Amino acid sequence: MTDPDPSPLERILRLRELIDYHSERYHVLDDPEISDAEYDDLVRELSQLEAAHPELVTDDSPTQTVGAAPSSLFASLKHPTPMWSLDNAFSLEELVAWGKRVERILGSAADFYCELKVDGLAVNLVYEKGQLSTAATRGDGRTGEDITPNVRTIVSVPKTLAGADLPDFLEARGEIFMPGKAFEELNESLVAAGIRPFANARNSAAGSLRQKDPSVTAGRQLGLFSHTVGSVSGRRFRKHSEQMQYLIDMGLPVMDHNRAFTELPAAYEFCLHWENHRHDLEFEIDGVVVKVDDLAAREELGYTSKSPRWAIAYKFPPEEKTTKLRNIIVNVGRTGAVTPFALLEPVRLSGATVSQATLHNADEVERKDIRIGDTVLVRRAGEVIPQVIAPIVSKRTGEEKVFTMPTSCPVCGTGLVREGGEAVWRCPNDECPSRGVEELFHFSSRGAMDIEGLGYKAAYQLRDMGFVRDPGDVYALTRDKLLQLPLFGDKKADQLMASIERSKEAGLTRALVAIGIRDVGPPTARLLADEFGSMERIASATVEELTAVEGIGPIVAQRIRDFFQSPRNLGIVRKMAQAGVKLEQEKLETPQGHLSGRSFVLTGSLSRWSRDEAARLIEEAGGKVVAAVSKKTDFVVVGDKPGSKLARAEALGVPLLDEDGLQALLEDAQAAGAGVPIPGPSGARR
């Protein structure tokens, strides 16, 4: 039996063993079994124990060493100067405590330089007489792996330095990474070839660099950001920021998001900004590195056995952790889509306790080889639904079970169907109870009829009592019926009845979104409302009339037509009309703003506005937001993780705008007299 309360020495020895094991899996094998946050927790616990018991500290402790020994797959290469690891700060308090230590040692305030901490593989580049001589991984900080042939294949790594005054010797450090889009494309190609995909972009970058055949690395779309001058001949610098400019002058890529600050609170604000906007980037970051800018001050501050005292990594709250996948069950959505999701052992992630995560579809479960009972890596990025990234195969015991997708609906028993070219299985039964609850929840949601108080619990109870069989029945509800439900008392019933009454004024666009036509979201609903003016005309429109509307393609047109061929759906619309819901577009003057006559398509996630807010601002400035890209489209606004619309825009030569570009157009519209109030900071066009 394990001692439930080990002595400090026993716990220290166990922690060292665990950290060494996981360090090798991360740095050498590129196959970690725990997340970065869980590894950091182990190191932090060991550091605290050693601080409390300094007599137990040894030279070979992970707190006193850097990284891990180089892999035996490559020749070893000694670094001209040591490559240090960084201490971490996980809160404002820890960052401030570091800053106070810096000031105490220096006896004065310091200036700081902040760099985004790219989640990639550290590399040391040596240039001799302007030519790339060697490239090595960090390894144990003094000796790394010789990956020179592979690094030479990376386009963004200059083989010859730029400029006329080249140094005889330059040692430059940086991070090699794989952009998110390239990571997704790589995993798709690996799966197609029957090879297990990478769990994350960092592993894909490291694995791509550690290829015995450099031609494999060449096809992996890797990039480099330089962040440090190790040593250089014939040049002296006063500040780190000067070194960064020197690297730029030499032709080495340096991230343009880096910033210098004269006080630590401003540096912390920089950290918070990127903590909130980390997903705006095309590559992964897991923190911000804060450095003392003055090089003389750095010499005075010095080093510990493994880290410089003049730098610290502010780590963002973890978005990835490992946990146990207890079971896989399926959920039936309002369109009949049957989606598998994971039931997890609860884990704290990004400030929330996560016990469920999406698995997207059956093909994705098979592609990632996710099994019931697996230890899995789970991610929760921002407000996105948690998802299972990958199984930790090395932790399998043999008792894990392969998931089998059901062939019939788990709620109503109807056989599932799968349309050609789709990854999703669907329940085709319009009367499926699960579809009904999801349909009712969507109908009442904020982007649709906005009926406050009609959530999942209320939807279940209303259907269970037989008061609501489809969304149109909402308008036949009475206060007396609501009071028969366990969820409702007098006050709550009155509030819901008032909210139902208000929803009648939502308008045609919201009503179109609410009735749940597949692939008809707010932009397409606006197009239909503007073009046809009433639900009646839309319901009777032919496919040809629908496709004549710019932004509506033949597939969506057919789905609209099919929707209104259903007697059930027509019944819902009829009930809404009889209840007095406004199903006609108000006659408004066409906006004659600065963007009048211009059409826009939105793709990807926007950070400055929601998609609906961006569409509203464009329309108030006279523009039109359409759903599909065509030759007639004037601009495609590209956010984070854009879809196929970006590729189509590039193929058709349609101009692209980022959020700054859209901001500039909207501000031009305001200046030209459109009178549109533009929220958020100003920006320049791309």
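Which residue in β8 does Glu175 stand opposite? In this structure, which is a predicted model, Glu175 stands opposite Phe225 in β8. Strand β7, spanning residues 169–177, pairs with β8 in the antiparallel sense, and eight bridges are found between these two strands. The pair belongs to an open sheet of four strands, arranged in the order β5-β4-β7-β8 with antiparallel pairing. Strands β5 (131–137) and β8 (223–232) stand at the edges of the sheet and have a single partner strand each, so that one side of each is left without a neighbour in the sheet. On average, and with direction ignored, neighbouring strands of this sheet are turned by 25° against each other. Helix α8, which comprises residues 240–249, lies across β7 and β8 and runs at about 120° to β8.

A pair of helices was examined next. The axes of α12 (residues 433–444) and α13 (residues 456–464) come within 9 Å and cross at roughly 130°. Because angles of 65 to 115 degrees count as roughly perpendicular and those over 145 as roughly antiparallel, this value makes α12 oblique to α13. The crossing of α12 and α13 is right-handed.

An α-helix has 3.6 residues a turn, so residues three or four places apart point the same way.

When residues up to four places away in sequence are not counted, Arg526 touches Thr509, Asp612, Ala615 and Glu619.

Burial is also seen along strand β20, which consists of residues 599–603 and is mostly covered, five of its five residues being buried. Ser599, Val601 and Thr603 point one way from β20, whereas Phe600 and Leu602 point the other way, and all are buried. Strand β20 is joined by two bridges to strand β21 (residues 624–625), and the two strands run parallel. Within β21, Val625 is the bridge partner of Phe600.

Val601, which lies in strand β20, has a relative accessibility of 0% and therefore counts as buried. With residues up to four places away in sequence left out, Val601 touches Val626, Ala627, Ala628, Val629, Thr633, Phe635, Val636, Val637 and Lys645. For one of these residues, Val629, the separation from Val601 along the chain is 28 residues, while the C-alpha atoms of the two are separated by 6.5 Å.

Methods:
Residues numbered from 1 in each chain as written. Predicted model: local features only at pLDDT ≥ 70, side-chain atom pairs only at ≥ 80, totals over all residues. Heavy atoms only, no water. Pairing = 2+ DSSP bridges. Axes fitted to C-alpha atoms, helices over the stretch in contact; angles between N-to-C directions. Contact = heavy atoms within 4.5 Å. Parallel < 35°, antiparallel > 145°, perpendicular 65-115°, else oblique. Left-handed = near helix turned anticlockwise from the far one by under 90°. Buried < 20%, exposed > 50% of the residue type's maximum accessible area, 1.4 Å probe, protein only.
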